Amino acid sequence: MTETILSLSAARALHLAAQGLLQPRRRKARQPDVVDTIRQMGVLQIDTIHVVARSPYLVLWSRLGDYPQPWLEQALAAGELFEYWAHEACFVPVEDYGLYRHRMLDPEAMGWKYSATWMKERRAEVDKVLQHIRVNGPTRSADFERTDGQSGGWWSWKPEKRSLEVLFTTGALMISARHNFQRIYDLAERVLPDWDDSQLRPMDEVRRALVLKAVKAMGCARSAWISDYFRTKPPRLDPEQLFAEGALLRAWVEDWDDPVYVHPDLAHLLAAAADGTLSPTLTTILSPFDPVVWDRRRALELFNFDYRLECYTPADKRQYGYFTLPILRRGALVGRLDAKAHRRDGVFEVKSLALEPSSRVSDRFTRDIAGALQRLADWHACPEVHIKQAAPAIFGQQLQAALDAAGSEKEAA
């Protein structure tokens with residue numbers, strides 16, 4: 001049997017199709033689309049930086065277009081999603097709770113996410129926090145008054161917050177809702193009353209399920225990419241074994257020495273990619289925590305895009321900016337921009353924009369980027385877009401001119 005051979009561009013198209021980023025949506029987003037989109041990705045990573053919209057909202061916008069941000073919190077409060085350590089801290093479809101329960105039962109394997117020392121030395125304090133929630137109901141960290149005299153910085157959580165997070169990692173507490181993006185903690189048995197550990201699947205079945213879900217979410221996956229998607233630890237299941245069993249398909253990408261694996265549910269997309277009929281037409285802006293770019297190695301191998309988030313890098317050592325957003329255009333990652341939404345002034349500031357050296361600028365290219373940028377700005381209620389700096393500089397001028405011309409046409413209409 002002849003195995004499928006893909007060009008690199010076809011592999012990219014297959015990946016983007018699996019991620020819901022192949023073509024623009026044909027209809028306006030509806031509330032169920034939020035959970036369906038998270039289901040398609042497997043997880044939605046959480047981050048709180050918001051110089052533009054917080055990452056989880058932005059990841060959804062890249063796929064759904066304009067939608068009301070509260071839909072995400074509503075899905076959490078309705079019990080359609082839960083939060084846990086998946087890729088990192090993530091929103092996860094509630095039906096996948098059992099796939100992560102093993103992690104809760106072995107919290108010491110979670111590394112820095114759990115402190116056995118805190119649990120041992122502060123057991124009475126931890127129990128007191130748990131009892132507070134048992135008696136008083138859903139609780140925020142802010143409900144506990146700070147008494148240690150320290151500030152509330154990133155690495156100086158108050159004791160109750162640390163206890164809440166330890167209890168969250170063990171699964172004793174879950175996030176029942178969010179208010180202004182602040183976590184609200186409650187007892188797991190109240191958030192998920194139908195769960196019982198008798199429903200727990202054997203660990204080998206969980207490993208198998210996570211491999212299959214990761215491969216499906218990526219569209220096509222090299223073996224070395226798989227474990228990062230859900231941050232699975234050894235022992236890991238060899239996808240070649242799943243291929244031999246018929247649980248995965250296998251294909252080859254031109255000039256790569258190892259195969260890629262494809263979920264059977266995506267066989268039709270694999271065939272279309274191989275035939276050259278899977279055409280990426282979407283141009284959009286991505287979050288730094290989008291699954292397409294969160295694995296630096298995969299982004300480099302698949303898109304030849306060397307991406308690093310620099311918000312944790314000292315300002316004088318940043319190459320591109322604090323919170324750079326990758327630009328996806330018609331199947332390629334063509335650049336990145338560092339932006340800030342000045343909501344009070346209605347201005348979306350592009351502090352810097354850098355195109356990839358391989359990008360070929362044309363009128364259509366410029367219009368595509370301008371359209372995506374304006375849609376993102378409008379979603380932020382910042383209709384004016386100001387380009388401060390770009391590389392190459394001439395593209396910044398062309399992009400600003402395209403944005404201004406489109407704005408004038410809109411006003412004239």
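**Figure 1. Asn 304 in the loop between helix 14 and strand 12.** In this predicted model, Asn 304 sits in the loop that runs between helix 14 (296-303) and strand 12 (324-329). Asn 304 is not a glycine, yet its phi is positive, at about 55°. Most residues other than glycine have a negative phi. Asn 304 has a relative accessibility of 55% and therefore counts as exposed, the cut-off for exposed being over 50%.

Figure 2. Arg 231 is placed in the loop between helix 11 and helix 12. Although Arg 231 is not a glycine, its phi is positive, at about 50°. Arg 231 counts as partly exposed because its relative accessibility is 32%, and partly exposed covers values between the 20% limit for buried and the 50% limit for exposed. Pro 235 is also found in the loop between helix 11 and helix 12 (239-245). The peptide bond that joins Pro 234 and Pro 235 is cis, with omega at about 0°. Most peptide bonds are trans.

**Figure 3. The second largest pocket and its lining.** The space in the second largest pocket comes to about 580 Å³. The pocket is lined by 28 residues, and those closest to its centre are Arg 103, Arg 231, Thr 232, Lys 233 and Pro 234. Helix 5 (97-105), helix 10 (203-218) and helix 11 (223-229) each contribute at least two residues to this lining. Helix 10 gives the most, with five residues. Sorted by class, the lining residues are 15 nonpolar, eight charged and five polar.

Figure 4. Strand 14 (residues 347-355) is mostly covered, with eight of its nine residues buried. Strands of a sheet pair through backbone hydrogen bonds, either parallel or antiparallel. Strand 14 pairs with strand 13 (residues 332-342) in the antiparallel sense, over eight bridges. Within strand 14, Phe 348 stands opposite Ala 341. The two strands form a hairpin with four residues between them, and Gly 346 in the turn has a positive phi of about 70°.

**Figure 5. Parallel partners of strand 14.** Strand 14 runs parallel to strand 15 (residues 384-387), and four bridges pair them. Val 350 has Ile 387 in strand 15 as its bridge partner. From strand 14 the chain passes through helix 15 (residues 363-379) to reach strand 15, and this β-α-β crossover is right-handed. Strand 14 also pairs in the parallel sense with strand 16 (residues 390-391), over two bridges. Ala 391 in strand 16 stands opposite Ala 354. Ala 391 is also joined to Pro 392 by a cis peptide bond, with omega near 5°. Pro 392 lies in the loop between strand 16 and helix 16 (393-412).

Figure 6. Two bridges link strand 5 to strand 7 in the antiparallel sense, and Thr 139 stands opposite Tyr 185 in strand 7. Asn 180 is located in the loop between strand 6 (173-179) and strand 7 (182-187). Asn 180 is exposed because its relative accessible area is 62%, over the 50% cut-off. The side chains of Asn 180 and His 179 make a polar contact at 3.4 Å. Asn 180 is twelve residues from Phe 168 in sequence, and the C-alpha to C-alpha separation of this pair is 19 Å.

**Figure 7. Strand 9 between strand 1 and strand 10.** Strand 1 (residues 4-6) and strand 9 (residues 249-253) run parallel and are joined by three bridges. Thr 4 stands opposite Ala 251 in strand 9. Strand 9 also pairs with strand 10 (residues 260-262), in the antiparallel sense and over three bridges. Here Ala 251 stands opposite Val 260 in strand 10. The hairpin of strand 9 and strand 10 has six residues between the strands, and Asp 255 in this hairpin takes a positive phi near 75°.

How values were computed. Residues are numbered from 1 along each chain as its sequence is written. This is a predicted model: local features need pLDDT of at least 70, side-chain atom pairs count only at pLDDT 80 or more; totals for chains, interfaces and linings use all residues. Side-chain values use heavy atoms; hydrogens and water are left out. On a 1 Å grid over the protein atoms alone, a cavity is a set of points where a 1.4 Å probe fits but cannot get out, and a pocket is an open set with protein on both sides within 12 Å along at least five of seven lines; lining residues have an atom within 4 Å of a point. Grid points are joined across faces, edges and corners, and a volume is the space filled by probe spheres set on the points. Ala, Val, Leu, Ile, Met, Phe, Trp, Tyr, Cys and Pro count as nonpolar, Asp, Glu, Lys and Arg as charged, and the others, Gly among them, as polar. Buried means under 20% relative accessible area, exposed over 50%, partly exposed in between (1.4 Å probe, protein chains only). Two strands pair if DSSP finds at least two bridges between them. A crossover is right-handed if, with the strands pointing away from the viewer, the path from the first strand over the helix to the second runs clockwise. A polar contact is a pair of N or O atoms within 3.5 Å; within protein, one must be able to donate a hydrogen and the other to accept it, and residues adjacent in sequence count only if both atoms are side-chain atoms.
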